[in-house]
Amino acid sequence: MTIPQRSAGALSTPLGVMGIGCWAFGGGEYWGPQDAKDEESVVGQALDLGINYFDTAEAYNEGRSEEALGRALKGRRQQAVIGTKVSPSNAAPEALRQHCEASLRRLQTETIDIYMVHWPLPAHLVGEAFAALQALQSEGKIRSIGVSNFGVRQLQEALAAGVRIDVNQLCYNLFSRSIEVELLPLCERLGIGILAYSPLMQGLLSGRFRSADELPAVRTRTRHFRGDRAGSRHGEAGIEAEVFAALERIRALAAELQVPMAQLALAWILSRPAVSSVIVGVRSASQLAENAAAARLALEARWVAQLDQITQPLLDQLGASPDYFQDRDHGRTV
Ligand SMILES: NC(=O)c1ccc[n+]([C@@H]2O[C@H](COP(=O)([O-])OP(=O)(O)OC[C@H]3O[C@@H](n4cnc5c(N)ncnc54)[C@H](OP(=O)(O)O)[C@@H]3O)[C@@H](O)[C@H]2O)c1
């Protein structure tokens, strides 16, 4: 049985409600080594399940993620929707064109289906960067223009440049619900599909980790965790006690419903119609099989409400800024 699909903005191809996050592909510092055979089996099996969206970025592992995805899609490119991202530092018009062409080469494709600006642009670049993206679109090098980590004001500035934006890729999971305050309703009103990233909060919501000290240091840099942890950029106290108390309540609910925690966490995101696709980082075919089952799990409204209630205190404390890496009042997403 294939997974359901949803529309994403005005994109002509609907997306599977679950997509594959390819950040780890090609191996690198953040996620460690990645077996190329696993990449091939994840991509092949995902396509067999009707998972058509694959998410990467030029910045992931210095281009190796795009290269690995291009290799893994060989012979099946037509079945896939590829989303990749240009870094804001490469968004001046001439650089943007060169970086788009480099991504096309690494991905071994003629066209990028969804080309996103990875993080908000400096105000002076907005007009010319989006004009350059429209030029690439009219030449067929990209099919659709998207953004990522764009806040309410930034989205409105981009739209004022006269561009059609189909998706906004945002961090969204049970512990990171800040977009619900303003951004999610705005995207819904504007017909911009949300691609939800870090849906398992980088593995934490699979239930594998029982304390912050068990997590790899790179995964504890957000405002959920103490600001004095290695690599953190924010200076806040964090909400670790609340996070792990909520985790235990979700674990208990998953046990009661007899579903793996990861599935419960993913199905909760899919209860939000504004989300076009949940982008999960998948390292192996076994993680894929477990996560894909969530796409078919219709969560009853009372369980959604219970998960909302369990995690509401985290939303209250984290506030409306969806940039969890920076202090609450100094987010880059505004
Ligand atoms: N636009 C942006 O700024 C942005 C930022 C972040 C991510 N993204 C995109 O979103 C994708 C997903 O986000 P993410 O990788 O940050 O976080 P995620 O999807 O929440 O977590 C991925 C990690 O969770 C673990 N995992 C996955 N399935 C599991 C399962 N069934 N059981 C146990 N553990 C499981 C794996 O960790 P192990 O490696 O420990 O097995 C995997 O690497 C990325 O690949 C990327 O494409 C975009």
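Trainee: Which residues does Gln317 touch, not counting those up to four places away in sequence?
Mentor: Ile239 and Glu242. Keep in mind that this is a predicted model.
Trainee: Where does Gln317 lie?
Mentor: In helix 10, residues 301-318.
Trainee: And is Gln317 buried, exposed or partly exposed?
Mentor: Partly exposed, because Gln317 has 16 C-beta neighbours inside 10 Å. Being buried takes 20 or more, and exposed means 12 or fewer.
Trainee: What separates the C-alpha atoms of Gln317 and Ser178?
Mentor: 9.8 Å. Along the chain, Gln317 and Ser178 are 139 residues apart.
Trainee: Switching to helix 5. Which residues are buried there?
Mentor: Gln154, Leu155 and Ala158, in a helix that runs over residues 152-160. They sit on the same side of helix 5, because they cover an arc of only 100 degrees around the axis.
Trainee: Why would residues a few places apart point the same way?
Mentor: An α-helix has 3.6 residues a turn, so residues three or four places apart end up pointing the same way.
Trainee: Which residues are exposed on the other side of helix 5?
Mentor: Arg153, Gln156 and Ala160.
Trainee: OK, the core. How many residues are in the largest nonpolar core?
Mentor: 96. Tyr115, Ile194, Ala196, Ala265, Leu266 and Val278 touch the most other members. Helix 8, residues 261-270, gives the largest share of this core, with nine residues.
Trainee: What is Leu266 in contact with, leaving aside neighbours within four places in sequence?
Mentor: Pro199, Val278, Val280, Asn291 and Ala294.
Trainee: Zooming out, how many helices and strands does the chain have?
Mentor: Ten helices and ten strands. The chain is as compact as a globular protein of its length, because its radius of gyration is 19 Å, close to the 20 Å that the globule rule gives for 334 residues.
Trainee: What does the C-alpha trace span along its principal axes?
Mentor: About 50 × 45 × 35 Å. Buried residues make up 47% of the chain.
Trainee: And the contacts with a separation of 6 or more: what part comes from residues 24 or more positions apart?
Mentor: 74% of them.

Note on methods:
Residues are numbered from 1 along each chain as its sequence is written. This is a predicted model: local features need pLDDT of at least 70, side-chain atom pairs count only at pLDDT 80 or more; totals for chains, interfaces and linings use all residues. Helices (H or I, at least four residues) and strands (E, at least two) are DSSP runs, numbered from the N terminus. The arc is that of the directions from the helix axis to the C-beta atoms. Two residues are in contact if their C-beta atoms, placed from the backbone, lie within 7 Å. A nonpolar core is a set of buried Ala, Val, Leu, Ile, Met, Phe, Trp, Tyr and Cys residues joined through C-beta atoms within 7 Å. The radius of gyration is taken over C-alpha atoms; the globule rule is 2.2 Å times the number of residues to the power 0.38.
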